[in-house]
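Have a look at the model first, and then we can go through it together.

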Amino acid sequence: MMRNRLLLVATATLMLTGCPGDSDSGSGSVTNDAGPDAGAPTTPGGGNDDTGAPALREGEGQIEVLSNRADLVSAGNALVAVESPDLDDARYRLNGEDVTSRFQPDPANAQRTRALLEGLQRGRNELRVRLGNNTFLSRTLVNHPAGGPVFSGPQIEPWNCTNDKAVDAQCNQPPEYSFRYVPASALERLLSGLDPQDPGTDSVYKPYDPENPPPDHKIATTTTDEGKEVPFIVRVETGVLNRDRYRIATLYQPGEDWSALDPQPQWNGKLLIHHGGNVGVSYSPGTPPEGDISGLTDGNEVLLGDSTFVALSRGFATLSTAQADLGHNANLVTAAESLVMAKEHLIEQYGPIRYTIGTGCSGGAIAQQHVANAYPGIYQGLIVQCSYPDVWTTATQFAEYNLLNRYFGNRIPDSPEGFLDVFESIVTSGVSAPQWPFFYGHLPLNPVVSDLAFFPAAYPDQDSCPGIEDQSRVYDPETNPGGLRCGLIDHMRTQFGPRAPENWSETEQMLGRGFTGLPLDNQGVQYGLQALRKGLITRKQFLEVNRGIGGFNIDVDPQPERTEADPQALENAYRTGAINTADNLGNVPIIDLRGPDPGIAHDAYHSWQMRARIEKAQGDADNHVIWFGAFPLAGDTVFTAEALMTMDQWLANIESEATDRPMSEKITTHRPDFARDRCLSLSGLSADWGPILTQSGALVYPDPVIPGVDSEDLPQVPGELGQVLDLATNQVCGLDLEALGIPSVVTDLLSPITDPVVEAQQTAVQTRFGTPRTVAGDDIRTLTNKCQLKPVDPEDYPDWLTGKEAFLDEVREIFPNGVCDFDKPPKHETETLTWLQYGDAQSPTFGGKPLPRQTAGATGWASKAFNVSLNPKQP
C-alpha cells in the first residue's frame, strides 16, 4: 500500500513539473510556455508538499529572481535569492530535486540566501522552499532556449551558423576567454608599433598569456572608482546567445575565482553597453562591436578617446552583442532581446548590477533610444553620439532625399551608361543646383551620401544579401518573386505585420500572401513649400517638382504615384516604438554628444529633434543634455570619457536615494552640475574628476601619456569657472540671452536682431539643417510619417504669386485628396507600448502585445532606487 502511494505521488510530481528537456535547443517564446501568471509566486494549494506530508502554509518572505524576469529566463540558468526570517534548516527543491547545497548565505543579509540554479528544464520550473517553521515559499521560473526566442516571436530565417564551434542549429557554443593587458608605460602605449603613415592604429592593449605572463613591472596598474588598485589585465569573454555573438570584458585577476556570489573585488557592479553604427540586415552571426564611437576607437583609444577603456579602468564591466548592432541587425526587438539575454548571463556569471549605461554613435544611438523607450529598464542612463532618434522617421528623410536626388539628377550613376540619364535629369529638372537645398532642407552632399551609405539596405532585392551564401535565393520581382526579401522592412515583419489583401501588388496576388507592410508615406506632402513662401523658388519649380517627384512601391522602386503607407504597419510602427515618440524616455537620463556634420548624413539637427520629442511627450527635457563640440560628429575626443564620468555621477546620486519617489523627479533632483548643455566648451578643465584638455583624446585622462605630466600635479580649476566658460561659449551656438540673466522684456525687444543671428549660428556652427519634411511644413520633431489631409487653403501660399487662382487650381490637380495639415497629429499615430512580445512561429502576434505583469521584476538588474520592474506600463 505504501509503495502504491509513493508511485501516485511521483506520478503527480511528474505531471506538475513536466518532462525534462534540453534547455539549449528548440524554439518557442514566452507565450508558448507561460500563462498570464507565469513567474508569479505560487499560492499554496490543498495538495501535498514535496515529501508527501500534508500541505504546508505559505511562509513569510519571498523568492527573488535576480538575473531576469521569472518568465523570461534563458539558457537553463537563473540567479535567485530567498529572503525570510525562517531560513534556519530550510530545504530547497527545484522541480522536486533537492538543491539545498547550492544556496549560500548572503554576507550582507543574515535573512537571505542566494544560488545560481543550473540545468533548468525547458518551460516551467518550480522552486520550492520549505522553511524552518514548516511553512513554504514557491516561485515558477519559465526557461527559454539559449538560442531564443524569448519574446521576439518568429526568428529571422534562414540563419547560417558561421561560427566553427557551433554545436547545433542555433549556433550555440561554449564561451571562450582571452586576456590582454595595458603596458606600464603610457608613452609606450602611444608609440610602440606606431606607423607614421597610419598613426594611432596600435591598440593600448597587448595580448596576455596567463601561462607565460609579462613581468609585473611591465603591466600598468589602475585604481577603480572604489579605490581598488589592481594590475590592468582584462579578460574578454565571447560566446553565443540568441543565435549570435556577445562580448563581455572586465578587469580580471588570473588565477583567482569569480562567481556571481563572490565577484572579484575590482568590479564595481556597474555595466557599460557599447554599440556599433549604421543600419542593415544579416542572416548569420556577426561580430560584437569593440570600442566607442561605433568601434572607430578600437585601436585608437589614446588619440580618439574611448569610454570602454575608461570604464574598464574604473572597474566597470563592458558588454556588447551583435544583435544590438543595428548595422548587422535592423530588427529592434531582437536587439532588445539580445541585451536581455546577455545581461541575464552576465548577472548569473559575474553578479548583480548596480546600474547600466549605454553608449554608441549613429545606429548605436538609435538602438539605445529605441530600447530605452520600448523596453525600459535595460539601461539606467544613455550616452548617444551622432544620433538619430529612430530608423523609421529617418527612413522618411532618406527616402525623400532619394526621390529628390532622382528628380534633380543629383546622384552617382550606377554604370557608365547611366551618366547620360543623370545629365538629362540635371538639365531637365528645372531646378538649378544652388536651389536644391531649398527642397532638401540641407546641402546636396548629405542626400548623396545617404543614398550611397544607407539607402541600399532598404532594397528587398539587394545585390548582396549579408549572410546568405546562395544569392540566387534572394527575391527578384521577375526571376524569383517567391525568394527571400532581404531589406530593412521585411526584417521587421513581426513588428509591422503583413499587408492587407486589398493592397497587394500583382506579385503578392500571384503568391497568395502579403509582403511586410510599408510604414512610409508622402501623400499630400508639398515639397519646397517654405522655400516658395520665402521666394527662394518659383511657382513653376514648386509645381513641377511636386507633380513629378512620385514615390515608391512595395519593392522600394520608384513609381509615378506618391508612396502610400499600409495603415496597420504605420500604426504598429508607432505602437512598437519603431517610430520613437519618446513616450517612455522620461525615466532615463540622456547625454547627447554632437559635432558638426562634414557631409556624411549625420545632421546636428537630430539632437534637437529628439529633445523636441521628449519635451512634447513629458512637458520638459530635464533628463536630456546636449554637448556640442568642434570635432566632427562626436563633438570632442574627450566627450565620451567626460560623459561617462558625468552619467556615472548622475546615476550614483540617484542610487543614493532610497525612496519611492517617481524616477523622473529623482533624475531632476540628482542631476549633477556638470550635466548641463555645453557648446564648444572648455569646462572640462574644471571637472570634479580632474582637468581634461579639449580634443586631447586619452592623452591626459585617465592616465597621462605626456612625459613628465602627473595628473595629481595638475591644478584643480574651480567649478564656477567652468560654468562661466559654458555660459560664454554657448552663445556661439545659440545666443541664449536669457541664460545671461537678461530680462525677457529686453530679450523680446532684441529678438528681431538676435533671432536671425541665432538661426545663422545654428546653421553655420552646429550644422542644424532641416529635412524635406521641415521644408514642407512639418515641425522639428518630424514624427509625421503620414499626415492628415486638408483642402488646399489660399492662405498657405504667398499673395505675391501672379495668377494665384490658376496656381491654386494646379495645386488641387496635383493633390486631389488634399495637402498635409501638419497642425494635426500624424495619421495612425498611437502610444508606444512597452515590453511587447510577439507570439511564436506557429502563431505570430503582429504588432505585439504586452507581457503579463509581474509582482516582482529582475532585482539584480539595478539598485532598488531605479525602480526597475521590466513590466509593461499600465494603460
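Is Cys361 buried or exposed? Cys361 is buried, at a relative accessible area of 6%, where buried means under 20%, exposed over 50% and partly exposed in between, using a 1.4 Å probe and protein chains only. Please keep in mind that this is a predicted model, in which local features need pLDDT of at least 70, side-chain atom pairs count only at pLDDT 80 or more, and totals for chains, interfaces and linings use all residues. Residues are numbered from 1 along each chain as its sequence is written, and side-chain values use heavy atoms, with hydrogens and water left out.

**Disulfides**

- Counting pairs of cysteine sulfur atoms within 2.5 Å as disulfides, the total is five.
- Cys361 is joined to Cys386, S to S 1.6 Å, and a torsion of about -140 degrees about the S-S bond makes this disulfide left-handed.
- Cys386 is buried too, at 0% relative accessibility.
- Cys161 and Cys171 have their sulfur atoms 2.0 Å apart, and their link is left-handed, with -90 degrees about the S-S bond.
- Within that pair, Cys161 is partly exposed at 26%, whereas Cys171 is buried at 0%.
- Cys679 is linked to Cys733, S to S 1.6 Å; Cys679 is buried at 5%, and Cys733 is buried at 2%.

**Helix α8**

- Helices here are DSSP runs of H or I with at least four residues, numbered from the N terminus.
- In α8 (residues 392–408), 16 of the 17 residues are buried.
- Gly409 follows α8 and has a positive phi, near 85 degrees.

Technical notes
Helix = DSSP H or I, 4+ residues; strand = E, 2+ residues; numbered from the N terminus.
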